[in-house]
Amino acid sequence: MNSAVVTPIVALDVPTRAGAEAVVRQLGDACGFYKVGLELFSAEGPSVVAWLRDQGKEVFVDLKLHDIPNTVRGAARSVARHGASLLTVHASGGREMIAAAVEGANEGRPDGGCGILGVTILTSMDAGGIEEAWGREGVVVETEVLRLAGLVAAGGGAGIVCSGHEAAAVTGVFGDRLGLLIPGIRLPGGEAHDQRRVMTPAAAAAAGARWLILGRAVTGADDPVGAMMAVHAAL
Ligand code: C5P
């Protein structure tokens, strides 16, 4: 048991509302927080967020916004108005853009209930990919993650998305200032699928996670409710 609150979030990685409804119905009370990503949001729009709210669920809208501050402020306001509890932006959009997202989220949800999370370095990128994209040499991924996390903190963001393997370094620098949302979670002995760096729920919690993203470890399990109960038991 970990004394800090760690909240598991199940990713609705499906292309239709019907698919999302099937997952939510199957998990029932075992899951209270869902992630709506680009695929489902692009297919169904914000109505899927409203539907989840109607079911009494919290919603993480993972749109990874990156635009001029004014545009991101408006988008964050709109997403928050639909009742999202978490929204992602790219930290590389800069401190002003992050601050604008925070402002927009607070305008859309004056209760302050929509936190902005910064995506630091996508786990699909390695040092070579960053050097090519940003025109720099000698990139060290962890250094860039910490630098971008600093922008999120300066912009007033609630936290960052990072792999469990970077969590300890981020916590070491930022302590409780940034909540960590960690994907790539697998139950002990579970299949890694296409994820290169996976972690168990207990290990991610010990590394300082605030939220865990669970995809196939739950939705692809023979017994998704049992898998979800195992996640809860590990936290
Ligand atoms: O691999 P799994 O099925 O657990 O993936 C769960 C979710 O986590 C997916 O929605 C995936 O897009 C997301 N994700 C990830 N790695 C990241 C960021 C997000 O797997 N670095």
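Helices (H or I, at least four residues) and strands (E, at least two) are DSSP runs, numbered from the N terminus. This is a predicted model, in which local features need pLDDT of at least 70, side-chain atom pairs count only at pLDDT 80 or more, and totals for chains, interfaces and linings use all residues. Residues are numbered from 1 along each chain as its sequence is written, and side-chain values use heavy atoms, with hydrogens and water left out.

1. **The largest pocket.** Let me begin with the terms. The search runs on a 1 Å grid over the protein atoms alone; a pocket is an open set of points with protein on both sides within 12 Å along at least five of seven lines, where a 1.4 Å probe fits, and lining residues have an atom within 4 Å of a point. Grid points are joined across faces, edges and corners, and a volume is the space filled by probe spheres set on the points. On that basis the largest pocket has a volume of about 1100 Å³. Its lining counts 39 residues, and those nearest the centre are Lys 35, Thr 123, Pro 183, Gly 184 and Gln 195.

2. **What builds the lining.** Which elements each supply at least two residues of the lining of the largest pocket? They are strand S2 (33–37), helix H2 (38–44), strand S3 (58–65), strand S8 (209–214) and helix H10 (216–219). By class, the lining holds 18 nonpolar, nine polar and 12 charged residues. Here Ala, Val, Leu, Ile, Met, Phe, Trp, Tyr, Cys and Pro count as nonpolar, Asp, Glu, Lys and Arg as charged, and the others, Gly among them, as polar.

3. **Around the ligand.** A residue is near a molecule if one of its heavy atoms lies within 4 Å of it. The residues around the ligand include Ala 11, Asp 13, Lys 35, Thr 123, Pro 183 and Gln 195. A polar contact is a pair of N or O atoms within 3.5 Å; within protein, one must be able to donate a hydrogen and the other to accept it, and residues adjacent in sequence count only if both atoms are side-chain atoms. Polar side-chain atoms lie 2.8 Å from a ligand oxygen in the case of Lys 35, 2.8 Å in the case of Arg 186 and 2.7 Å in the case of Arg 216.

4. Asp 62 sits in strand S3. Is Asp 62 buried or exposed? Asp 62 is buried because its relative accessible area is 6%, where buried means under 20%, exposed over 50% and partly exposed in between (1.4 Å probe, protein chains only). Its side chain makes a polar contact of 3.0 Å with that of Lys 35 and another of 2.6 Å with that of Thr 88. Asp 62 and Thr 88 are 26 residues apart along the chain, with 5.3 Å between their C-alpha atoms. Contact means heavy atoms within 4.5 Å. Beyond neighbours within four places in sequence, Asp 62 is in contact with Lys 35, Val 36, Gly 37, Leu 38 and Thr 88.

5. **A backbone angle to check.** Lys 64 is also placed in strand S3, and please look at its phi, which is positive at about 45 degrees although Lys 64 is not a glycine. Most residues other than glycine have a negative phi. Lys 64 is partly exposed, with a relative accessible area of 29%.

6. **Thr 120 in its loop.** Thr 120 belongs to the loop between strand S5 (115–119) and helix H6 (127–134). Thr 120 is buried, at 4% relative accessible area. A polar atom of its side chain lies 3.4 Å from the backbone oxygen of Val 161. Leaving out residues up to four places away in sequence, Thr 120 touches Ala 91, Val 145, Leu 148, Ala 149, Ile 160 and Val 161.

7. Glu 144, in helix H7 (residues 141–154), is buried, with a relative accessible area of 4%. Apart from neighbours within four places in sequence, Glu 144 is in contact with Ile 121, Trp 134, Arg 136 and Val 139. Ala 101, in helix H5 (residues 95–108), is buried, with a relative accessible area of 0%.
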